[in-house]
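User: I would like to go through the chain contacts and the sheets of this model, one question at a time. Please give the cut-off behind each term when it comes up.

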Number of protein chains: 4
Amino acid sequence: MTTSDSEKRTGIWLIGARGSVATTAIAGAAALRDRLIPPTGCVTESPELLDEGMPGFDDLVFAGHDITETPLPKRAEQLEVAGILPRGVRELVHTDLAATDQRIRRGVAPEEAGHDQLETAERLIEQLCSFRELYGLSRVVVINVAATEAHPPARSEHTGLEELEHGLRRSDPDGGTVLPPSSLYAYAALRAGCPYADFTPSTGVRLPALDELAARRGVPYAGSDGKTGETLVKSALLPMFSSRALHVHSWSGTNLLGGGDGRNLADPDNVTSKTTSKQRAVHESLGYPVDGEVHIDYVSALGEWKTAWDHISFEGFLGNRMTMQFTWQGCDSALAAPLVLDLARLLARAHERGHSGPLPQLGFFFKDPVASDEHRLVAQFETLRTFVRRLREEQ
Amino acid sequence: MTTSDSEKRTGIWLIGARGSVATTAIAGAAALRDRLIPPTGCVTESPELLDEGMPGFDDLVFAGHDITETPLPKRAEQLEVAGILPRGVRELVHTDLAATDQRIRRGVAPEEAGHDQLETAERLIEQLCSFRELYGLSRVVVINVAATEAHPPARSEHTGLEELEHGLRRSDPDGGTVLPPSSLYAYAALRAGCPYADFTPSTGVRLPALDELAARRGVPYAGSDGKTGETLVKSALLPMFSSRALHVHSWSGTNLLGGGDGRNLADPDNVTSKTTSKQRAVHESLGYPVDGEVHIDYVSALGEWKTAWDHISFEGFLGNRMTMQFTWQGCDSALAAPLVLDLARLLARAHERGHSGPLPQLGFFFKDPVASDEHRLVAQFETLRTFVRRLREEQ
Amino acid sequence: MTTSDSEKRTGIWLIGARGSVATTAIAGAAALRDRLIPPTGCVTESPELLDEGMPGFDDLVFAGHDITETPLPKRAEQLEVAGILPRGVRELVHTDLAATDQRIRRGVAPEEAGHDQLETAERLIEQLCSFRELYGLSRVVVINVAATEAHPPARSEHTGLEELEHGLRRSDPDGGTVLPPSSLYAYAALRAGCPYADFTPSTGVRLPALDELAARRGVPYAGSDGKTGETLVKSALLPMFSSRALHVHSWSGTNLLGGGDGRNLADPDNVTSKTTSKQRAVHESLGYPVDGEVHIDYVSALGEWKTAWDHISFEGFLGNRMTMQFTWQGCDSALAAPLVLDLARLLARAHERGHSGPLPQLGFFFKDPVASDEHRLVAQFETLRTFVRRLREEQ
Amino acid sequence: MTTSDSEKRTGIWLIGARGSVATTAIAGAAALRDRLIPPTGCVTESPELLDEGMPGFDDLVFAGHDITETPLPKRAEQLEVAGILPRGVRELVHTDLAATDQRIRRGVAPEEAGHDQLETAERLIEQLCSFRELYGLSRVVVINVAATEAHPPARSEHTGLEELEHGLRRSDPDGGTVLPPSSLYAYAALRAGCPYADFTPSTGVRLPALDELAARRGVPYAGSDGKTGETLVKSALLPMFSSRALHVHSWSGTNLLGGGDGRNLADPDNVTSKTTSKQRAVHESLGYPVDGEVHIDYVSALGEWKTAWDHISFEGFLGNRMTMQFTWQGCDSALAAPLVLDLARLLARAHERGHSGPLPQLGFFFKDPVASDEHRLVAQFETLRTFVRRLREEQ
């Protein structure tokens, strides 16, 4: 291996490393490396975004945290039965899955979230650093693909880094928790100098205290909530209504989800994080309030699949009322997994090039983009393209 | 009236002036002038495209050609019954409709299309010039909103202006027709120095001979086929698939149309013009062939309304097959009419600023844009915005 | 007027007499009487159910209760603007609406529901009897088309007539209410010897105490919850799945409603009555539990219209998973109004023929039929047809 | 094996024995026999239709004709890849598939259809009789599941048995064909004393001459065109509109099909058989003409799956226009295969009980039922239930 190659060896540390998205991403990366599959759905492989300077699929080493015990090869079998992972692929990447599974460490259990958060954070940091050193990685990108958490109540410790570190150090007088698990992972990642992305709507890195930490440590971060289905379509359709001066009266949506994600979102607390993030695009893109609710229902029969129905009522010339409806029948893991790979490659490259703090240029990937209120997909893609061109040119 | 005002008085000459789109546009323009309705659906009134230099709604004078005899006030009553035109509006703009109806001249009947085309053209030119002079108009914009024609066979006369004018002068040896009616109107408009737009998929101005004439006469033109429904949605969705590297396998569409447009398109010859124009965006945007047919059915029960159903089958990561479907239930006249006003204002302004020949900058409005293969709606809107800003700045 | 005619003069007393359904029914009945419209949507006018012995449209006299003050002619204008009532019809039945409005009495206000229920009941009975006598009506049918109530808690007074009348007589020790308004109306109707139907899912007549009263007074009753949209389609589709031995895994539904009905159902308490009633058909028809939620959202932009989307996931041979989806875009008032007329005619006729107690034969009309667990629409129609034939033959 | 068992051993001879439907039926019957799968989709196993006297799944012996060479085990692998046949099932029934494949004989090739039809028929008859004798079968039921043919022109030979047999005997003077292949198979089946069913819309047994033959030979027949998707839904929904006196203005349908069936139906001649059969239910059920076209498009990306979209525009009370739409996403082979088994069992049983000629009682299974104009699914199911009860009681 040449020096230049070794410089590119990049770790991808997944929070929720044994979930559907992570398993699909890990299996898919191995399949791409071995050219078993074409890079469909992987935007950093499209001619417009290709950058030789990004880590290649043979430069990636996976690891992560999880609180479940089902090993990756077993999860891959389940995904094969569900029709997500072709049998041939699964069999050929079995060794990679088994090896990666050895590198998965026990995550932050809900019951330990409440006490000793600094101690927990130190453990996480130590695990990230060991991984980086042991495999001689130039850097490790941490991406949260774990189940969606409820949004925690606001706390004074969130407002600045000093307050936060002070708060983590002492035990909470009320027995409450200073940071939700997602933010504890983000804190650890930034402290360890790892670029970080929230692929879920959980709080994660989106606290002023963590923004301050990212700036101080010189690491870039991105988020939140990967845009893989209904909201992806929204961000494609919204500019149509606004640029044509059509007035949207209502935008209603029902999402039917099977799988673990559906079951988790059946909890009303967790679903609020999600529906809030889903409606952000509508209000911000149109600039006026729009009627309509968003429902997320758990329908176990759908397995790993998701069906969304959206109903849009709008008004045209002379007050004429019209309707658009769409249904989206997709497999969330298959839509999310390649974007996780894209984000890891882009964050690694941005870190290498010296970017730090929030990366609004990656808004293309997210329902609720950090530091940006641009939701038009085409405009987000142009921004991303320009960003990648500059990363390339800076070389 | 001040001199500067008189400079802005602009004629809009509609081919098909007694059809649904024309009637809605004429009634709507009067209602906008009198502030009876908000400018919903009218893009040149949106803050991003506003240009004080464009003719205002009180600067517009309507006239046109048609081969039907039903007067505009009667057509407006029919549109009221169909639910397109609110009763209050129709009653208040009755005088405008009646006055405009007096300015409608008999169009080119199918039976006269075949012989004496030069003589017919001279008549059309004379009518356009009289209108301009009689009302002291700074210019007249001609827009074709007549029923879709079948595409004519290619002829050598179409290839250059000299060949064309030679051909029009002599009677056709085979008894055939040198120009289809839409192109004869376009020829007359350009000869009369009038900016011209094809709002239908008929041939119209899109012949090399007419392009040459437009350049020689210094008049701008635009087209073809107003993007008001299914194709509008396509142009919003296509970039989603391409920018996300999702592979579209098939894109099938069924359009159910009532009204005159539906009946006309029930003729298989005419519908071919339309379906060809509708599928152009898919192939050009994606850059690879895509399965799927487009049907246009006449369903009289739908009246002035249209329902489109599109089914898109696509592939994501690891070969996973997914589906998106949408339905669009719109009123074509209400969607098209404000765009006709927009086009007239933009072409008038572009002509004033000295633009001539094809205007790809107006691709935003069309299914089958002249001199452009950009179909992404957001990109087309950016181009239009830049164009309007330049028109404004050149002042 | 001949004796035989006078025998047929029938009163229709509507609870919620100034609502959309009532206004449409009253205007529609006048229009049918004057042959201004065909009897589309009116099943008692179809050849299979025609019975000369039923009261004709010129035999009907309308009256009712309401707690709103907007007069019927004004409500009719609102329905004209909403596109439900054609202008011509509204103008021609204006006199009928104005005359009926004079016969509408103030209903039971929510604030008076709690105290003096027997006194209130006596007032309602008196109003019904006066109406019957004043207009020389052979009978008065009472139909509840008022807004849906929340289901009240079970009480011991509901279990028998004696307990109920004892409870109504004394003031409630806990300050609670013995009967919800809908049941108070039903109690008064039965006491007055009037056939009664619940067109809403409110409790109404469905209490053992009231069933006892109906039997004692010899009056028939029917209900509950008119089947006009999504559930109508369900009752047509469910037998398809069961008779074909296809296993339904999930049946999810989202209902978007504008108008007063939508606003009322936006209250979570009221909506529970409705969603419970809507899901009854699925479980009872299939005989096994089925996943899936039903949502009812208020979307004001939809006005008097309703859109339902249902998603059904089912399994066929060899475990193959398939999907059916439907959307229903209907106008509830226009669907409900003719059924209200049908029910009134059928109940009048059944009463004349001596039927009393619950009429399961009218299950065809209801989401939640009394005394029946048959939900298959075709089977319900056969039962209704047989019932009407017998009514005819008994003559 | 006891005598009574041996009396039940029944042959199922499939025309098109190597197609998707046949392969699924043969594999499924073996899986049912070995209790590897539940009888989902198999109506003769539902409690309401169970008849101990029908042949059981361990009494069935499969054979058939085909003109393709791909052996059944290979076809089963293709169906596994397509997701129709679970891997476990396919592996466990491999032996059955291989054994059945040995019993498949070469069918009537298109090129031999034109000449020596009597000679061909004698060959087919001989094959059917050998099969019956060799396996000691009490009877053989022949079912046509081959690709849809174009409808042949009417010929005088079709009008009576004598004319037909005379015509088959001599060579055609015009070089044309007396019988299309499907009818030649039907002729052979009836001559061999085998009950026969057309599961496709091809002409098959539906000629007066063959009806005469069935009567003379005392064998029952059924058909045509298995009702497995869009038309199944139609036959469930049509009674809803008619029993509610709602006036259907238009019923439009688009069917997207992959697989061999889709490719075959892309031929305009063949598709006409199909679309005619599909629209029959609408006109006959409603009793008045209804607007709307039916499209069948071949979309290879859909594989063995089918998506239908139907749009129904209807009118309710006071002329209100409403809309229902549905989509059906099904797997035709999985829907058809269990019905093929049902038909075979029912025809065998009916034959045993002495029924002959057309069986309108089996209309439940067909788009275009013989000797019946009842299309209401629930009514058809009642008829079938009564028929099965009588078969049972006659014992």
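User: How many residue pairs are in polar contact between chain B and chain A?

Analyst: The model is predicted, so local features need pLDDT of at least 70 and side-chain atom pairs count only at pLDDT 80 or more, whereas totals for chains, interfaces and linings use all residues. Side-chain values use heavy atoms, with hydrogens and water left out, residues are numbered from 1 along each chain as its sequence is written, and chains are lettered from A and ligands numbered from 1 in the order in which they are written. A polar contact is a pair of N or O atoms within 3.5 Å, where within protein one must be able to donate a hydrogen and the other to accept it, and residues adjacent in sequence count only if both atoms are side-chain atoms. With both residues at pLDDT 80 or more, the count between chain B and chain A is 16 residue pairs.

User: Which element gives the most residues to the side of chain B that touches chain A?

Analyst: Helices (H or I, at least four residues) and strands (E, at least two) are DSSP runs, numbered from the N terminus. Those that give two or more residues to this side are α2 (20-33), α10 (230-243), β9 (305-315), β10 (321-331), α13 (332-352) and α14 (377-393) of chain B. The element that gives the most, with 11 residues, is β10(B).

User: What area is buried between chain B and chain A?

Analyst: Taking contact as heavy atoms within 4.5 Å, 58 residues of chain B are in contact with 58 residues of chain A. B:Arg244, B:Phe317 and B:Leu318 supply 20% of the area that chain B buries against chain A, more than any other three residues. Carbon and sulfur atoms give 67% of the buried area, which is the accessible area (1.4 Å probe) that two parts lose on being put together, summed over both. Its value for this pair of chains is about 4,800 Å².

User: Which residue of chain A forms a salt bridge with B:Glu382?

Analyst: A salt bridge is a side-chain nitrogen of Lys or Arg within 4 Å of a carboxyl oxygen of Asp or Glu, and the count between chain B and chain A is 2. In the one formed by B:Glu382, the closest N and O atoms are 3.4 Å apart, and the partner is A:Arg376.

User: How many salt bridges are there between chain D and chain B?

Analyst: Here 23 residues of chain D are in contact with 23 residues of chain B, and the buried area is about 1,800 Å², of which carbon and sulfur atoms give 53%. In chain D, the residues that lose the most area to chain B are D:Asp297, D:Ala301 and D:Trp309, together 25% of what that side buries. Although 8 residue pairs are in polar contact between the two chains, the count of salt bridges is 0.

User: What is the order of strands in the open sheet of 7 strands in chain C?

Analyst: The pairing in this sheet is parallel, and 6 bridges join β1 (residues 10-15) to β4 (residues 139-144) of chain C, with C:Thr10 standing opposite C:Arg139. At the edges, β3 (104-106) and β11 (357-358) of chain C each pair on one side only.

How values were computed:
Two strands pair if DSSP finds at least two bridges between them.
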